[in-house]
Amino acid sequence: MTKLMICALATLLLAGCGESTKKDPDPIAENTEEVAPFSWKAANLYFLLTDRFNNGDPSNDVNYERTNDSAVLRGFEGGDLKGITQKINEGYFTDLGINAIWMTPVVEQVHDGTDEGTGYTYGYHGYWTKDWTALDPNFGTREDLAELVEAAHSKGIRILLDAVINHTGPVTEMDTVWPEEWVRTSPKCEFQDYESTVTCTLVENLPDIKTESNEAVELPPQLVEKWKAEGRYEEEMAELDAFFEKTGHPRAPRFYIMKWLSDYITDFGIDGYRVDTVKHTEEYVWQEFKKVCVDAFAEWKQANPDKVLDNTPFYMVGEIYFYDVLSGRYYDFGDRKVDYFVDSFDALINFNLRSSGDKTYEEVFSNYNSILQNELKGFSTLSYLTSHDDGSPFDKEREKPFETANRLLLAPGASQVYYGDELARPLIIEGTNGDATLRSFMNWEDIENNPETKKILEHWQKLGRFRRDHIAVGAGVHKMFTETPYTFMRKTADDMPEDAVVVGLGLAAGEKMVEVGEAFTDGTTIRDAYSGITSEVKNGSVFINSEYDIVLLEKSED
């Protein structure tokens, strides 16, 4: 059907149609750094393995004589804080529409490696802590971290670090076990009920912090010896004395670790913590940790008023393996249900979306909207489709990168982009064992060498920027207009900043009429953020003439 015939038909049906005009043929070309209203409920968060993203400083690739041959992708690969900062400054995250970055832990790791049954492994992933108070030189220095946070904040990007409280690193020939008043080394978790999930070790050789203890303990002697050798024992002890005097907490194991982790807030101004292995620790621990973090964030803001981005509160998101947003407030241990949102977590990582491939967009989006607008109102969720330790990602073969973007970046709640999702980084690596296959080095070279990768990246950029620029995408109320083609509206309510968007998927290429309902009033100039085309609303609809089967409609600022 010709454009003239379409307009003639629309005139009869709608008493007029608006001519679409191309205003911005390349909506990605303009790298603006204007900061849109932010809410953690709608964040577009990028999760990366610090060691696997970008090597900004090859001189720090080998430390502590970590030169043993490791299993495939189970040794350090060179990624570091400087490499992340480099990509921040280049505008990579800005172009991708990212407004928060979560990095795996950067604290000092055990110096040696071990074999947990998947081959000889070093602590490249950051979850095998040796010293919470120091950065691992493989990742960088304190100066590197300060530079990273400052660079991110200058572009309106928040920084999350990864908090591990329930275990130390494994015992090796170079890394001795902490005292028994600090850790248990058995029994191994059986995950049958609450006790066999909490009061136990995750795996055979991963000492479990006695987070339930309120007994005062002395520092582990190996930590005292280390600090003295580094010339900072007195300073660390003075800070601990001040912390315990200020808070009134007993010198129990968990409170030492909380103090050490809160230092990254007061020293660097990080914006939140992703918390590891939440269900393996008593729930009151997270309430205590949240208060320590909130107080530290307030202290940093008071000391650095010129560096404060806005009044957004400190953020804590928890990892409860297999938590499903559709289960609402509670996680069921079988013999006990626990609400982890009470005075602790703002959101929990959602394991549901990655298994939603048998459901339509509308089934997923409407279900999420229902739970977020009701039982989880005031809180949120963080959904993902691929991750570092989930062996059943949404599209392991990377055959559906465009649908992956649609399903993730248009879902209600916050989104977690795993590094390389936007480049279809392979998730099946020959020779790997276990989760190592999910953790290959970032495939930067494919941007230049693979035309299909460029198309995929551009799609993720357009959707990502749309999500970042419109708080309604993640935090608005969802309403479907039409099922085929699929069109819907998101509009903020309550105390959220006013915002509305309309999205269409599976549309025809060429000229298309899209209903906008109450999202935009007649006479409003609307821009399609995907094609850059503008059009005027007439009779509750707009016409967009683009080559794409998708529209991302927003109110034009021109």
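Reader: Happy to start with the contacts: among those in the protein chain between residues at least 6 apart in sequence, what share joins residues at least 24 apart?

Author: Good place to begin, and do keep in mind that this is a predicted model. The share is 74%.

Reader: What makes the radius of gyration of the protein chain agree with a compact globule?

Author: We set the value against the rule: for 558 residues a compact globule would have a radius of gyration near 24 Å, and the protein chain has 25 Å, so the two agree. Along the principal axes, the C-alpha atoms fill a box of roughly 85 × 50 × 45 Å. The chain holds 15 helices and 25 strands.

Reader: Why is Ala 424 called buried?

Author: Buried means under 20% relative accessible area. Ala 424 has 16% relative accessibility, so Ala 424 counts as buried. Of the 558 residues, 61% count as buried.

Reader: And why is Asn 539 called partly exposed?

Author: That label covers values between the 20% limit for buried and the 50% limit for exposed. Asn 539 is at 36%, and therefore counts as partly exposed.

Reader: How do you know that the peptide bond from Ser 186 to Pro 187 is cis or trans?

Author: Omega tells us: its value is near 0°, and the bond is cis. Pro 187 is found in the loop between strand 9 (183-184) and helix 6 (195-198). The bond from Thr 484 to Pro 485 is cis as well, with omega near -10°. Pro 485 sits in the loop between strand 18 (477-482) and strand 19 (486-491).

Reader: Which residues have the most contacts inside the largest nonpolar core?

Author: They are Tyr 46, Phe 93, Trp 260, Tyr 273 and Phe 289, in a core of 137 residues. Helix 9 (residues 253-268) gives the largest share of this core, nine residues.

Terms used
Residues are numbered from 1 along each chain as its sequence is written. This is a predicted model: local features need pLDDT of at least 70, side-chain atom pairs count only at pLDDT 80 or more; totals for chains, interfaces and linings use all residues. Side-chain values use heavy atoms; hydrogens and water are left out. Helices (H or I, at least four residues) and strands (E, at least two) are DSSP runs, numbered from the N terminus. The radius of gyration is taken over C-alpha atoms; the globule rule is 2.2 Å times the number of residues to the power 0.38. Buried means under 20% relative accessible area, exposed over 50%, partly exposed in between (1.4 Å probe, protein chains only). Contact means heavy atoms within 4.5 Å. A nonpolar core is a set of buried Ala, Val, Leu, Ile, Met, Phe, Trp, Tyr and Cys residues joined through side-chain atoms within 4.5 Å.
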